[in-house]
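Dear colleague,

I am passing this structure on to you, and I would be glad if you could look through it before reading my notes, which follow directly below.

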Amino acid sequence: MLKSPAVEWVPSILAADPLDLRNAVEKVVQSGIKQIHLDIMDGHFVPNISFGPQIAENVHKTYPALFLDVHLMLVRPDSFIDPFLEAGAGRIILHAELSKRIITRSLKQLRDAACLTGLAINPETSVDTLFPYLEEGTIDRILIMSVHPGFSGQTFIASVLPKVKTLKMRYPNITLCMDGGINTETAAQGFTCGAKAFVVGASFFQEQSIKKPYA
Ligand code: DX5
Ligand code: ZN
């Protein structure tokens, strides 16, 4: 499963040494992975602050072939869509917990810019929240949070797995990505339930012993 072409690994540089980001991105490129996950936090939607469009732009300019998967954990994602589009974002993921007004406005901005879109759901959020947006048919992937977002290095919450199964049964063609506490073991659990993409933070950047299977 680990080297199967059916599995997509998406390294999150939130878990990397912030003083050594260049080396972290280089590690992703050297491993043959074609995309990188950028966790953007505003200190309101989640209890942490990370980085902004400048980092995305620098990564994009240095590694133009690397696809930028941008996970916005922001109360007002609509204010940051244009800066991230200009910075080179390939996909922008919004949280389904926000108001329908903000999500609808943000999705329109993304569609108008022909940017790929994703919706994320927190561990306590019901999959029902996603259905109205999925019915519209414009969402490229779902990010099922398997930790409470805000920090890298947390423990995988296995109780979200039934949500993966439900989504896979109802929307077999949409890509299901799991984010939080993913390592080779937890990814295998998610894969069995129907997820095919996995964000990897601490297990990719910090646990030397299991870095190899991702390559
Ligand atoms: C959680 C972020 C994740 C996370 C991944 O707030 O959205 O992308 O940092 O890191 P690990 O894999 O260490 O949980
Ligand atoms: Zn993330």
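Predicted model: local features only at pLDDT ≥ 70, side-chain atom pairs only at ≥ 80, totals over all residues.

Leaving aside residues up to four places away in sequence, Ile13 touches Leu21, Ala24, Val25, Ile36, His37, Leu38, Phe51, Ile55 and Phe205. As general background, nonpolar side chains in soluble globular proteins tend to be buried together.

Turning to the ligand, I found that ligand 1 sits in the largest pocket, and that of the 20 residues around ligand 1, those that come nearest are Asp39, Gly150, Ser152, Gly153 and Asp179.

In Ser152, an N or O atom of the side chain is 2.7 Å from an oxygen atom of ligand 1, while for Asp179 a polar side-chain atom lies 2.7 Å from an oxygen atom of ligand 1. His37, which is also one of the residues that Ile13 touches, has a side-chain N or O atom 3.5 Å from an oxygen atom of ligand 1. Of the 380 Å² of accessible area that ligand 1 has on its own, the protein covers 99%.

With best wishes

Definitions and conventions
Residues numbered from 1 in each chain as written. Chains lettered and ligands numbered in written order. Heavy atoms only, no water. Contact = heavy atoms within 4.5 Å. Near = heavy atom within 4 Å. Polar contact = N/O pair within 3.5 Å; in protein donor to acceptor, adjacent residues only side chain to side chain. Areas by Shrake-Rupley, 256 points an atom, 1.4 Å probe, with all protein chains shown as cover. 1 Å grid on protein atoms, 1.4 Å probe; cavity = no way out; pocket = protein on both sides within 12 Å on 5 of 7 lines; lining within 4 Å. Sits in = over half its atoms within 2 Å of the grid points.
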